[in-house]
Each structure stands twice: as structure tokens, then as C-alpha cells.
Amino acid sequence: MPSTVRHAAGGMAVPIGSVVFAFLVGGVIVAATGGDPLSAYAGLLCGGFGLACANGENTALQLSTTIVFFIPLIMTGVAVALPFRAGLFNIGAEGQLLAGSVACTVIGVKFNTLPAPILLPMVLVGGALAGALWAGIAGVLKATIGAHEVVTTIMLNYVAQWLVRFLIVGGPLQLPHGFSVSSPIGAGARLPTFLPNDNSLIIFGLPAGVYRVHTGLLIALAALAVFAFLLWRTSLGYEIRAVGQSQRAARYAGINVPRTIIVTMLIAGAFSGLAGAIQIAGVDHNLSDKFFNDTTGFDAIAVALLGLGSAVGILLASILFGALHAGGSVMQADAGISSSLVQVLQALILFSIAANFLRVLGGRFRRRPAAPASQAPGAALMTEAAKAPPGDGQT
Amino acid sequence: MGHSRLKFLGMVGLALMLLAACGSSPAPASKTYKIGLVTDTGGLNDKSFNHLADVGLEKAKTDFKVQGDVVESHSGDDYVPNLTHFATLNYDLVIGVGFLMATAVGTVSGQFPNIHFAIIDGAGTDANGVDLKHPNVQSLYFSEQDAGAMVGVIAGMLEKEGKSKKTQHVISAVGGISIPPVNHYIAGYKWAATMEDPSIKVLVGYSNDFTDPAKCKNVANNQISAKSDILFQVAGGCGLGVLQAAGQAGVYSIGVDADQKDSDPSVIASALKKVDVATYTAIKNVVNGQFTAGALTFNIANDGAGYALDNITLPADIQTELDNVKAKIKAGTLTPPSDIPA
Amino acid sequence: MTFLSDIAHLLITADLWRATLEAAALLLLPALGGVISERSGVVNIAMEGMMLTGAFFAVVADLALHNPWLAALVGIAAGGFMALIHAVVSIRFRADQIVSGIAINIFAAGMTLFLVNRIYGLQDIGHVGQSNLLPYVNIPILDQIPFVGRVLFQQNVVVYAALILLVLVNIVLFRTRLGLRIRAVGEHPQAADTAGINVYAIRYGAVITSGLLSGLAGAFLAIGISNTFVPNMTDGRGYIALAAMIFGKWRPFGAFIACLIFGFGQAIYDANSVIHVSQYLLSMLPYVLTLIVLAGIVGRSIPPASDGIPYSPGTE
């Protein structure tokens, strides 16, 4: 098993090449439908990174938007990547995120008079625990009776979505005389932003309040470090990887496979739940209808795969996806190209990462199967999970 | 293209405009007004109010010297950045479509006090849902209950006179989500239908969806099974399934927001919420320097809400009653409720 | 208590069961596709994207050709084309099949929306006329049977097709040589290869078939149940089908039972005009039900042994 470092250094060519490939194909699609690819991409670049802006967009503002977008992607990306290492496919990061945001909101509203040193840890821990619980259901069902985590996490996503809607549309969390939103969490439950939310303070030409980068960024970066440390420097990490390689071998090596599965899901859920809590505490300050249409947990699957399951990879992939998200809007406003193009580009990047077109086209293709586990962590996980107990239930 | 050439073109254009301005009054503004439109997550092809807002913008583009740019929001996370984007570029008017953007408009309008904002179906609020009453925000509200009442009169009269397809004295409405703009329609509908035909039963169901026609169709089929003769859809793109279900079952249906005459032959009328008129009006006011903060309500009296008769020829007495009720609502002697009556 | 009596009253109405079967058939088609694909050893989580593509192109074709049958064929082909991409990427290029599947889903969602925006712009996509929809067909005589006739024999033509395909797929998979080969390739591709079975051909065929079935489901949704295309109209049904497939232990009839549960939950929910309980709690019903059934009855779900592993000759 290659180390994260080697992943980060040696493995960069494929992702970068894939991104280039995706943009080339995307450009053809734009041109074929009568658009101008160059102005489209200029809009993306401007929106994502504040570079090459045609209409004088503010660079600092665009960067801050990108950062706000990628913070939850990092957290949920980890929540998908960690179970991947154990051969588990966590499609449920979204549901876990929602559980975390619900818990954060409930605590932040109920105890809204508490001061920040007490309330802030409460909402963050509460969010993480709720996410862990949500993922834990899938983990326990998997470890004890073998219920497939893909089914259970999909079901749990739906249950969480309907729970959110129930709570805020006419339900117990609904803002009195409001609709489709909860009451706001107390001031003590809010993560501070790096710049004061003061409209009279002008920074980089704009009121300071427009830069919404919050301290959740530090939590996300810490989460990445925890993820890498856990996976490569602890015995639990070793067990997770061993289970992912082969459950049977892991069992012979004396590893408690069911326990490892449950613990992996609990930790993953905690990351996702924390992402949801951070989103409420750092950005939104209340639970709203937007969480019903939220897709962060699904984008996270792409992020984890694009990041090759490594900490550095997840960081870079999150930045890319966050920048694409922020860039899409500017592209549509400036160039009139539908921001749906962003999804097309994301898909093309994934295709080309997965297929490793470049290696094939570059003639360095050897006639052997690309080792799935080292190439992309999603591979073979269905099978690894499958090989569990010989002769059970299968015909 | 070089700067000098741009400058030259600009000067020629300016000269032409000055020439054109001579003699004509009022003088056309030489300035191009920049209007930014931010859709909610329904997107431009929602066959509902985002679409209508864009129609209003397009009309303004042909009538005034207006540059209109549109950004679709893919998630609620996009509202603040999208509104901010237009604000930082000094747009003359930034329009947010839909009440979901209320807090976003509240936040951004506070940061950019010199930029004019308008919001459809809502106000610029704080996190507690309290209208911040920023002097640069105009709220464009609609009396959906007025439009709902008009189609309710039609449904009630048809039932009372035995002129619906089956006349079982049951009518119904399919809402998208149970939120005020939806329930206002249903409130007016139920109120008016009951007023015309006190024996009528009004079923109300929700699809919890604004996009998936299959879901609304099933809700509609259930209402048809429960003997509904006339179905009112209040669910945007999802509600197209209601119109279709009515057509297949041989009962009447009523469209919403825009005139949905062409969606299905079963559509006898549409309750209109003229978001296009509202958007156009907001832009016109900015162009004419008549922007006003606060609420602007579009109702049946100012023709911002109303109804369209579609694939049916109404008996004369029903038309008379319609005109009668319309006049009374306009005069304020009848007021449709905004909450669904029990 | 009103809630329980409402439900009880509902359970004896034929329309509830008719709606259940219709919703189940819509899920069954992609689920069957998933069964075939995964039985051959290619993980397929892309039914959602294939359905959505099928729905979009079926509507575009129907509006242009005014013929529901040709339009359905176009939808089926569009689903098949997306599957072909999945097949090439995951079989020829030995890509990670989950990554490829996720990519297909994202691609389909983005591409259909992008095309709607670029092609139709502000204009409405348009509605397919009643006469150009995939028809509802009453089976003569049988449709007159009380209750059962309404439930089973007054359905859309695609519902009948789905039920026939269910039986057909089951027979092919478990009673024919082709089925044996498909399963062999999914369990032990090396051994199958040694025995002279063309592993690639079987896998390509299986994956493309899954796309054709998903495309048909998309066409059914767009020009059978509905009469137009709405962005993201599949609304997660492909994922539900995926869950149904796993729930049913990669067996056609098992998947069908799961589809019936989901269809039933949807049908109960859609009766919310006459049931008096929070619609949101009602909405959770099918999903909670699935979790409970999974936990209590179904238990372990084990995919085919080589599901998800790209095959290349000469390994091991």
C-alpha cells in the first residue's frame, strides 16, 4: 500500500491531466452548442479564483466564496474516503450531514442564551455525535446482520431529508410566523468569521461582511490531519486498511472485523455531522429549506474519489470543486453559459480519472489490471464487502 | 478590439443618442441600466415564477435600454454569492426570485446600501424573519388568494349548476409544499368555491415537490378517486401532472401562475400570478428613477393577479358572477382569506 | 386513530394498489437492469443518469416525431448509449466502476439541464399531446374483474412490458445457458474465460442491456406517466432501484418485492389528501420500512463474487 505522500507527489499527473482533458471536452460541448468556450472558462476562472475577471469582480470576494464552498466538501470528503479504505461505500454522507445540522440547530436554539465557550463546543460535538449516530445505524446493520451499507445509507439519506422538512415546515423547529426555516441559533453557537461582520469596515474595496470565510476552515484542515494520522499512524487505521484489503485475511490476523466496520462508520459519520454543524454555525445560522436540496454529501463522493482517498488529494479536490461551484455562477452571469456546465465538467474529470485515459493514450499501458486499491479507493469495495462470510445466502 | 476603436464607437453612439434625444420628450436615458436576476433553485426552466421573472426581464430589455443578466442558483448556498456578485458590479437593480432568498437579500442589501434590490414573494429579512426595512429593498408581493378566488368562483359555480363533468360536489387542489404562496392560492379557491356552492367539499393534498410531474399526478389521481370533479394545481412543474391526470380521467383542471391553456385540454382556467408584470414594473421604476422601498403588492385591483379562461365556454351567468366577485374584491367589499379556511 | 382508519379505508381501494404497481414498475425496470449488469460482474449505480437521459431524449424525440413508440426507442437508445460509456470506461479502460457510475449520474444531470438551457432557452420544452403518449391499455375481459381488473389490467403498456421483462430476465438468468454464462462471468471470470466464454462480450451486453431498460423507464416516466421533461425529473428513482436490487439480493423477483414496498409507500403518501397525518412523516414511511425489513428479515446481502472487479485475461 503506497503512502499518502507518494500518492500526493507521484499521483498528481493523473488528476491534473484529467482536469485538462475534462476542460477540453467541455470546451467542445460549449462550442458545439453555440457558446464561446474561452469566455465561459474565463468566467469560471474569475468566479473560482478571482483571476482574469472581465467585469472587475473582486478577487478577494471570489476566493472567500470558494473557501466557504469547499469547507464542508473537505469534511464530507473525509467521511466518504475513510469508509472506502475499509471497503465500505458511504453514500450516506448527506444524511449524516443533515443529522449534524439538525442537532446543531436544536442545541443552538434551545440553549441560545449560553455563552460561546460553552455553547459552541456543545453544538459542534452535538452535530458530530448526531452524524455518528446516523452512520452508526448503517454500520451496526452491516456488521451484525450484513445489511448492505449502500441500501441503508441511501434510506437514511431520505429519512434525514424528510426529517428536516418535517421539522421546519410547520414542525417543532419552525420559526414562529416564518416558513421553511428554523429559528436562528444563539450568538454563542456561531463560529466566528475571520473578518468582522461590520459593514462600515471596508476591506479590499468591499464591506468586511461580504467575506464569509469562517473558522470552520481550521476545523476542516484539522480534520484532514486527523484523517491522515488515523489512517497511517494508528492501529485502528491499520485495521481499517486491512479490512478493506480482505476481510478474511483481516479476520485471520485477529482483527475484529464487525467492530472495525462499526467504528469506521461512526468516525465517518462524525466528520459528516461536524460538517453539517459547521455549516449551520459558520454560515447559515438556521436550518432552512436549502438543506433539503443540499448535495454536499454527494459531491463528497466525487471529491473522495478524485482525491484518491488521500488527505492532500481531498484538499485539492475540494478546492477544485469549490472553485467550480463558485465559478459556475460568475460564468453564467458574465458569459451566459448555463452553470450546469460545471456538473458536466465534474463528471468528465471523474471519467477521465477513473479510466486513466492518459496512461492508455500515452502508451504506457501495460496489459495488467490497474491495481484498483491503489488507483482509486472505490474499486473492489463492493467485492471486498461481499467476500465476507463464505457460502452465506448466495446462490 | 482596441480601446481607441471602442472609444470611437462609443462616441458615435453617444452622438446618435444625443441627436435622437433632441425633440423627443421624455428624453431617453443615455445610460444602459444593468439588471441582475437571481433565480432560486427551481431554475429558469421551472415553468413557473423563475421563468416568468425572466419573461419580465426580457420584455424590459426590448422596451428600455437595459442589460439583463441572469444567474441560476443550484442550491441555497448560492443565494448570497449570486446576489453579492451583481451588487459588487454596481448593478442598478438586483432581483431575487422567491421567498427562500429573504434572509440573503436582507444580508446583502445591508452590505450594499447604494444598490437597489427587489425580491419576489418576500422581504429582506434578518435570521428571525423580521423585515429589516432597508431603504434599498423593494418587496414584490402577490395576492395569490385573489387569483385563487376567481378560479374558485368558476369551480363552485360549475358544481352548483351541475355543469362540471360529473358534478359530485367535490373539488380539490394539489399544492407543491405547504408554504404561504401556495396556501394563499388554495385559501382563495376554497373560500370562493364554498361561497358559491356551500355543499361543496374541497380536498387539499400536497406533493412535496415542485418538479416531478409523476408525484403530482398520483396525488391528483387519489383526489379523482375521491370524486373530485375539478382539480387546481398549485405546484409549478410538478403540477403539470395534475392537469394531465384530469385530462386522462375526463374531469376539469385549473392551471397556476401562467396561462396553462396549452398544457392539457382539460384546463378550463388558470389562476395568474403575474411575476413577469412585477419584474417588469420593478425594472421600469428603476429606469424612470422611481424606485420605492417597501412592499408593492400585485393583486386583482392593479391587474397583477387574475385569471384566464381556457378550454371552456362559460355560461353567461357564471361570467356575470365572476365579474361581480372581481368587482367586489377590487372595491374591497369582499376579501379572500390568505389562510386556508377550515 | 383517524390515521389508522384512513389507512384501513385506503387499503381496500383498488386505485391504491394500481398506483403501487405502476410506481413499482417504474422502479423495476432499472432494478432489473442493475441485476443483469451486476450479475455479469459490473457494478452499476448509474441507473439514475441513464433514466434521466432516456427521459430527456424520449421527450425531444416525441415532440419531433409525434410517435410515442419511436420516441420510446430513442429514449431506450439514449439510456443504452450512457451505458455504453459506462461499459467502455469500466470494461475497456478497467476503470473503477463506482467512480464511472457516479460520473454518469452527474453527467446526465448536468448535460440534460445544459441542453435544455442551450436548446430551448427561455421557451418551454413543450408538452406531448395525449395521443402521442405511451398509452394505457385495458386488457379486454380481464379488466372487468372486480378489484383485480383495475389493479392489474388497466395499466400503462410499459407496466405490462416491465412485468413480462421481470419473468423473462428471471428465466434467462437462471434457466438458460446465456444466464449461466452471465453468472459465471460475474462469479469467476477467469474460469469462464478458460471455458471459452467471451467475458468482455457478456459484460458489454449486460451493461448495455441495463442502460436500455433504464432508458425505457425514463421514457415511461416522461412520455407515459408525464407528458414533458422537467429537469431532474427522475428524482432519485435510480438510487431507489439500486437499493431495491441489493435489497432483493441481486435477484429479479427479490428486487420486484422491494420495488413494490417503495411503490406502496409512495402510493400511501400520495393519498395525503385523504389521510390525516403529517405528510412529512408519511414521506419517510417507505424508507423506514425498508430499513426495518432489512434489519429484521432480509439480512445479509452478498453481491456476485467478481462484481466490481475489472477483468483482464491472464491474471491470477
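Student: What is the handedness of the link of Cys216(B) and Cys238(B), and what angle about the S-S bond goes with it?

Tutor: The model here is predicted. In it, the link of Cys216(B) and Cys238(B) has 110° about the S-S bond and is right-handed. Cys216(B) belongs to helix H7 (residues 213-225) of chain B, and Cys238(B) to the loop between strand S8 (230-234) and helix H8 (240-249) of chain B, so the pair ties together parts that are 22 residues apart in sequence.

Student: Why is the pair Cys216(B) and Cys238(B) called a disulfide?

Tutor: The two sulfur atoms, S to S, are 2.0 Å apart. The cut-off is within 2.5 Å, so the pair qualifies as a disulfide. A disulfide is a covalent bond between the sulfur atoms of two cysteines.

Student: Are Cys216(B) and Cys238(B) buried or exposed?

Tutor: Cys216(B) has 0% relative accessibility, and the value for Cys238(B) is 0% as well. Buried means under 20%, so Cys216(B) is buried, and so is Cys238(B).

Student: What makes Cys46(A) and Cys53(A) a disulfide?

Tutor: Their sulfur atoms are 2.1 Å apart. That is within 2.5 Å, so Cys46(A) and Cys53(A) form a disulfide. About the S-S bond this link has 95°, and it is right-handed. Over all chains the count comes to 2 disulfides.

Student: Why is Cys46(A) called buried, and why is Cys53(A) called partly exposed?

Tutor: Cys46(A) has a relative accessible area of 1%, which is under 20%, so Cys46(A) is buried. Cys53(A) has 23%, which falls between 20% and 50%, so Cys53(A) is partly exposed.

Student: How do you know whether Cys104(A) and Cys259(C) are buried or exposed?

Tutor: The same cut-off of under 20% applies. Cys104(A) has a relative accessible area of 0% and is therefore buried. Cys259(C) also has 0% and is therefore buried.

Student: Is Lys215(B) buried or exposed, and how do you know?

Tutor: Lys215(B) has a relative accessible area of 14%. That is under 20%, so Lys215(B) is buried. Lys215(B) is found in helix H7 of chain B.

Student: What makes Lys215(B) and Asp235(C) a polar contact?

Tutor: Their side chains are joined at 2.5 Å. The distance limit for a polar contact is within 3.5 Å, so 2.5 Å meets it. Leaving aside residues up to four places away in sequence, Lys215(B) touches Ser207(B), Asp209(B) and Cys238(B) in chain B, and Asp235(C), Arg237(C), Gln266(C) and Asp270(C) in chain C.

Student: What makes the link of Lys290(A) and Asp77(B) a salt bridge?

Tutor: The side chains of Lys290(A) and Asp77(B) meet with N to O at 2.2 Å. The limit is within 4 Å, so the pair is a salt bridge. Between chain A and chain B the count is 1 salt bridge. The interface of these two chains also has 8 residue pairs in polar contact, both residues at pLDDT 80 or more.

Student: Which elements of chain A give two or more residues to the side that touches chain B?

Tutor: They are helix H4 (59-85), helix H7 (149-168), strand S2 (206-207), helix H11 (257-284) and helix H13 (311-335) of chain A. H13(A) gives the largest share, 6 residues. By type, the residues of this side divide into 12 nonpolar, 17 polar and 8 charged.

Student: How many residues does the contact of chain A and chain B take, and how much area do the chains bury?

Tutor: The contact takes 37 residues from chain A and 31 residues from chain B. Together the two chains bury about 2700 Å², with 59% of it on carbon and sulfur atoms. Phe179(A), Gln332(A) and Ala333(A) supply 19% of the area that chain A buries against chain B, more than any other three residues.

Student: How many residues and how much area are involved between chain A and chain C?

Tutor: Here 64 residues of chain A are in contact with 63 residues of chain C. The area buried is about 5700 Å², and carbon and sulfur atoms give 73% of it. The count between chain A and chain C is 0 salt bridges, and the interface has 3 residue pairs in polar contact, both at pLDDT 80 or more.

Student: Which element of chain A supplies the largest share of the side that touches chain C?

Tutor: H7(A) does, with 12 residues. The residues of this side divide into 41 nonpolar, 18 polar and 5 charged.

Key
Residues are numbered from 1 along each chain as its sequence is written. Chains are lettered from A and ligands numbered from 1 in the order in which they are written. This is a predicted model: local features need pLDDT of at least 70, side-chain atom pairs count only at pLDDT 80 or more; totals for chains, interfaces and linings use all residues. Side-chain values use heavy atoms; hydrogens and water are left out. Buried means under 20% relative accessible area, exposed over 50%, partly exposed in between (1.4 Å probe, protein chains only). Helices (H or I, at least four residues) and strands (E, at least two) are DSSP runs, numbered from the N terminus. Contact means heavy atoms within 4.5 Å. Buried area is the accessible area (1.4 Å probe) that two parts lose on being put together, summed over both. A polar contact is a pair of N or O atoms within 3.5 Å; within protein, one must be able to donate a hydrogen and the other to accept it, and residues adjacent in sequence count only if both atoms are side-chain atoms. Ala, Val, Leu, Ile, Met, Phe, Trp, Tyr, Cys and Pro count as nonpolar, Asp, Glu, Lys and Arg as charged, and the others, Gly among them, as polar.
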